[in-house]
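Reader: I am new to reading protein models. Please take one part and go through it closely with me.

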Amino acid sequence: VDETGWRVGGRNNWLWAFVTDRLALYRIAPSRAGRIAAAELGKDFGGVVVADFFSAYNKLNCEQQKCIVHLLRELRECAKKNKTAEFAAFRKKLKRVIADAVRLVAREDYDPDKNESLVWRLHDRLATLGAAEYKNPDCRRIAKRLRQHEAKLLTFLFHPGVVTPDNNRAERAIRPAVVIRKISGGSRTPGGANATADLMSLSQTCRLNGVGFVPFILKALRHHLC
């Protein structure tokens, strides 16, 4: 899941993208609150939501995977200004845990049940980093995030080949919307916004399934007219 800004009648709205390997669903809503995601996914959603650290997703009751790339990106940006030895050591340890986790799941013979001890050892290393006391504000802030999302950082290790450690899929799904937004500036009416979201849902779902959008629409219209 990911979201981006979208103007409707000159007012700020948000375009949400919910994406799997076979389905793309877009919704344009006047809110960026977690209730939007909860409403679209439904109360009984049993899958795993891969998202960034935006607080709206904290309200979801389902299993989650927080985007590790966002975490690494933040470490890199902080390192440009933060030259303290404490942050350098913290960053090095956290990057090492993430690299070890990604390397583990990439093994051809990887099985979460057979490697349970290694998985929980990685969890322990993250917990240790999050629980330590730091003087540096960047270390304290990121350590707090590790504590808050401890159970959501290594979910991909329990679902190999299904759950990714990043939300690049959703970010890629947002790009076509960004292009449309740059050209159109958004939508003039709520009805137009809904039509845009529906057409994008259809076109991107067709793309994910290797189906031509125009032939699909023509077939659907013929079926409707009949």
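What should the 17 residues of α6 span at 1.5 Å a residue, and how far apart are its end C-alpha atoms?

Author: First, the ground rules. This is a predicted model, in which local features need pLDDT of at least 70, side-chain atom pairs count only at pLDDT 80 or more, and totals for chains, interfaces and linings use all residues. Residues are numbered from 1 along each chain as its sequence is written, and side-chain values use heavy atoms, with hydrogens and water left out.

Now α6. Helices are DSSP runs of H or I with at least four residues, strands are runs of E with at least two, and both are numbered from the N terminus. The 17 residues of α6 should span 24 Å at 1.5 Å a residue. The expected span is 1.5 Å times one less than the number of residues. The end C-alpha atoms of α6 are 25 Å apart, which agrees.

Next, its buried side. Buried means under 20% relative accessible area, exposed means over 50%, and partly exposed lies in between (1.4 Å probe, protein chains only). In α6 the buried residues are Ala170, Glu171, Ala173, Ile174, Ala177 and Val178. They pack against three strands, β1 (2-8), β2 (11-19) and β3 (24-29). They also pack against α2 and α7 (190-208). Contact here means heavy atoms within 4.5 Å.

Look at the two ends of the story. Just after α6, Gly185 takes a positive phi of about 80°. In the loop between α5 and α6 sits Phe158. Phe158 has 33% relative accessibility, so it counts as partly exposed. Setting aside neighbours within four places in sequence, Phe158 is in contact with Pro112, Val119, Trp120 and His123. Phe158 and Asp113 are 45 residues apart in sequence, yet 8.4 Å apart in space, C-alpha to C-alpha.

Now turn to α2, one of the partners of α6. Helix α2 covers residues 68-81. Its 14 residues should span 20 Å at 1.5 Å a residue. The end C-alpha atoms of α2 are 21 Å apart, which agrees. Its buried residues are Ile68, His70, Leu71, Glu74, Leu75, Cys78 and Ala79. These pack against β5 (63-66), α3 (85-105), α5 (137-148) and α6 (168-184). That brings us back to α6: buried residues of α2 pack against α6, and buried residues of α6 pack against α2.
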